[in-house]
Structure formats: structure tokens, C-alpha cells
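Here are some notes to read beside the model. Keep the structure open and check each point as you go.

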Amino acid sequence: MSEIKKKIQSVLPGGAWTQLHDTSYLPPEHSDVVIVGGGVMGLSVAYWLKRLEKPRGAIRVLVVERDHTYSQASTVLSVGGIRQQFSVPENIQLSLFSIEFLRNINEYLAVVDDPPLDIQFNPSGYLLLASEKGASVLESNVRVQRQEGAKVCLMSPEQLRNKFPWINPEGVALASYGMEHEGWFDPWSLLQGLRRKVQSMGVLFCQGEVTRFVSSSSHAETPSGEEVTLKRVHEVHVKIDRSLEYQPVECAIVINAAGAWSGQIAELAGIGKGPPGTLKGTKLPVEPRKRYVYLWNCPQGPGLETPFVIDASGAYFRREGLGNNYLGGCSPTEEEEPDPENLEVDHEFFQDKVWPPLAQRVPAFESLKVRSAWAGYYDYNTFDQNGVVGPHPLVVNMYFATGFSGHGLQQAPAVGRAVAELVLHGNFQTINLSPFLFNRFHLGEKVHEHNII
């Protein structure tokens, strides 16, 4: 019997009644906080909101994610590295907090009666190589890292060769090596662990796409006497997956954790739609940038003690598992940026840009064989390649957790806490992330991080 006949029959007298509209897939009609983006960043914000709320159950949190398979999510297409070797103190502090979270993951994310979480953390450290030209910057970076409590040592080319005999130190003037709290982990396991935990804490999920914000306006005067319009989002429209339906969700707070697409979400809220040079006309400068990751096999390649190596050329690699497999890649120059419309892989990029510097640095790699490759998106902050954290100055109840340009996964546990502190307490409490506020785009105040990979 056709579906339509069944429906007609179900409402006729004497017909067996069946519910015409199953609404279980719809989001709730109201939620205190709506988080746009269900990757590790959005889930971390959800976790910390529930962890820090008082009393328990005080806040209703909804996570909206359009890709429930996470097939295009930056989280799961990442190489999963975590390092403290940054040059900006706040970035180092974020990673130190996050590594403590990851090393003690089951103290945070254990769920009663579920098996413990294993994120397959490999503490092999990072090894950064600098040429003569970059040596002084590397040295000053390490000074800052040590001041922040990171255990990083400097190595001469000779020390490098002694510790890692498979490296050709030609052209290396100085190296820095993270002796603890650095390495890599499995991003998919972290994502699943966070998702499982926040669901056990009562966080709601919806598969759909945010298509509109409904907001109200009020007028205020800045200390300098300039009149500004303040907006407050009070309704989020969520278009349900594979449906023409949308559900309005009333809310008090919106968290923009939409990663590579967070710039588009900000535009929906009217951010950047004003005269150029004004705060109202300042866009969230975050866009998708495509990055390739290649997996290769090399039977004579570096052994189990191999760290995550970042060459002076920008090419990088790390071991993957126990079978002489390696993951690696290289960020393109501005002129080489690939079209982000799709996730197709350019295999020539490996041949031309990745393999030559790696084979020069690790002679064994001359005989490698590429087994597979994939592409993923960076949530690329075109202004200064650093994160955007905290509220928008004019859309006062939209908070950002985005724009980390390739180091968001490793810093997500700390950023989630920082955003939750802002929402619940009105200020940063664990790590002061004021340099990452939105205002810097209008003021032209860049965060100068030297170690963007």
C-alpha cells in the first residue's frame, strides 16, 4: 500500500491511528546555548559548559552539525599533532593545558559503564629544523617556550646527527626538540569520546544547517561618543537534513565553532555588513583552505623513536603505526593555494613540493612509495593565522571559537574551557586569551605567531 493511502487510512474512522509527524529528528524549540559546528572545537565548548555549570543541568546546550558522518570535518582529516613549540605565550599555554587534558583523558571523558577511551597518544615529540636564516627566531621561540614551562632543548647539527642518524643535517643550523608533552594522537577517537561524554551530560544534537539568525537591535554610545547598533540573536533557524523543513530555536547564546565555514555563519548574523573600515564592516576573516596529507611506506625509513619532524622548507612528516608508514605534507605558498571547492588531492604537489625536501632531509625517503592521500580544510584566518575566541563586540551574544588555521584540534580542550568561562563568568579565568578577541581585526593588531605550519 502506498504511503499516502496508509496516511489517509490512519485518520479515517475505525482506521488504526498512527502519528503523522515524527518530530524526534527536529531540534528543540528553545536552547540556552546553540553551538554551530559539532567538531572537536564545538564539542569541547559543550563539554566545558556542562562541566562548569552550576547547578548541574542548569544550561540546555544544542550542537548543530550538518555533516553527521564528519566526512569533510577538519577534525578527522587532521594529522593529529600536538606541540608546545609556538612563539606566542598564549598558544603555548593553550597547548600545555590541552596536553594535560589528553594525557589524563579518562579523568575528563570517562562515561560510567563504557570502556575507557584510548586516543592512541604517541609522546614522540616535535623536532623543528631551522636554516641559518631561521636560527635566531627558533632560539628566541625556545626561550619563550621555556619561560612558559615547556621542556624543549636546542640541538646543533652534530647533536642532531648523533640522536637521529637517519637525518641529513646539511643546511640545518639549529634544531629544537620537545622532550615531553608533544606528539600525536587519533583525532577520530577524541571526537567520538567527546561526543559520547557530552551526550551523557545531556547535550542535545541536531543534524542540520543553520540558515538564518533572527535578532533584535538596540543603540549604544561608545566611550568616544560614536553611536553603534548592538544586535542580539534570539532565534536560530536550522534547516533539517534532507528536508525542506526548518526549525526555529530560541536561544540566549550562539557559539560559532563552524570551522572553515565560520566566516559564512558570521555573515548570516550580519557581521561585516557595514561601511569598510568600521567595526560594523569588519568581517570575520576565516575561510576554508585545502591542505593535502599523504601516506607513504618506506621499509628503510626512520624507526619507532621518530618525532614529528618539521623541516626548514615547511615540509613535515611523522610515523603512522608500526609498519614503516609515514604521514606528511607541506602548506602551499599563497600563489599555490588550491581551489577549496572540493577535496580532490593533487598528487603532483607531493612529487614537486613535498618529496624533494623530505628525501634531501631523510635520504631513506628517496625510495618511498605513496600508498594513499586525502585533503582536509584549515579554518584559515587570513588576518594572522591565529584563533578567534570570545564575543563579537556588536552581535553581543555570538561567541567565536574558530580560525586556528591548522592548530585548532590540539588546542580545542583549552579553547572550549576559555569560551565556557566567558559565557558563564564573563571573563577568562584559566588562560587570558584577550589577544585573540575579534576587536583586533578592526584595530589591525595582529598576533605574530612564527610557528604556523
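Predicted model: local features only at pLDDT ≥ 70, side-chain atom pairs only at ≥ 80, totals over all residues.

1. Now apply the term. The axes of helix H2 (residues 40–52) and helix H10 (residues 408–425) cross at roughly 40°. H2 and H10 are therefore oblique to each other. Their axes come within 7 Å. The crossing of H2 and H10 is right-handed.

2. Which residues make this contact? On the H2 side, they include Val40, Met41, Val45, Trp48 and Leu52. On the H10 side, Leu409, Ala412, Val415, Arg417 and Glu421 are among them. By type, the residues in the contact of H2 with H10 split into 14 nonpolar, three polar and two charged.

3. Next, the wider region. The unreviewed UniProt entry annotates residues 32–422 as "domain: FAD dependent oxidoreductase".

4. Aspartate 114 and arginine 196 form a salt bridge, with their closest N and O atoms 3.7 Å apart. Aspartate 114 sits in the loop between helix H4 (105–109) and strand E4 (126–130), while arginine 196 is in helix H7 (residues 187–200), so the pair ties together parts that are 82 residues apart in sequence.

Technical notes: Residues numbered from 1 in each chain as written. Heavy atoms only, no water. UniProt positions renumbered as here; feature names shortened; annotations may be inferred. Axes fitted to C-alpha atoms, helices over the stretch in contact; angles between N-to-C directions. Helix = DSSP H or I, 4+ residues; strand = E, 2+ residues; numbered from the N terminus. Parallel < 35°, antiparallel > 145°, perpendicular 65-115°, else oblique. Left-handed = near helix turned anticlockwise from the far one by under 90°. Contact = heavy atoms within 4.5 Å. Nonpolar A, V, L, I, M, F, W, Y, C, P; charged D, E, K, R; others polar. Salt bridge = Lys/Arg side-chain N within 4 Å of Asp/Glu carboxyl O.
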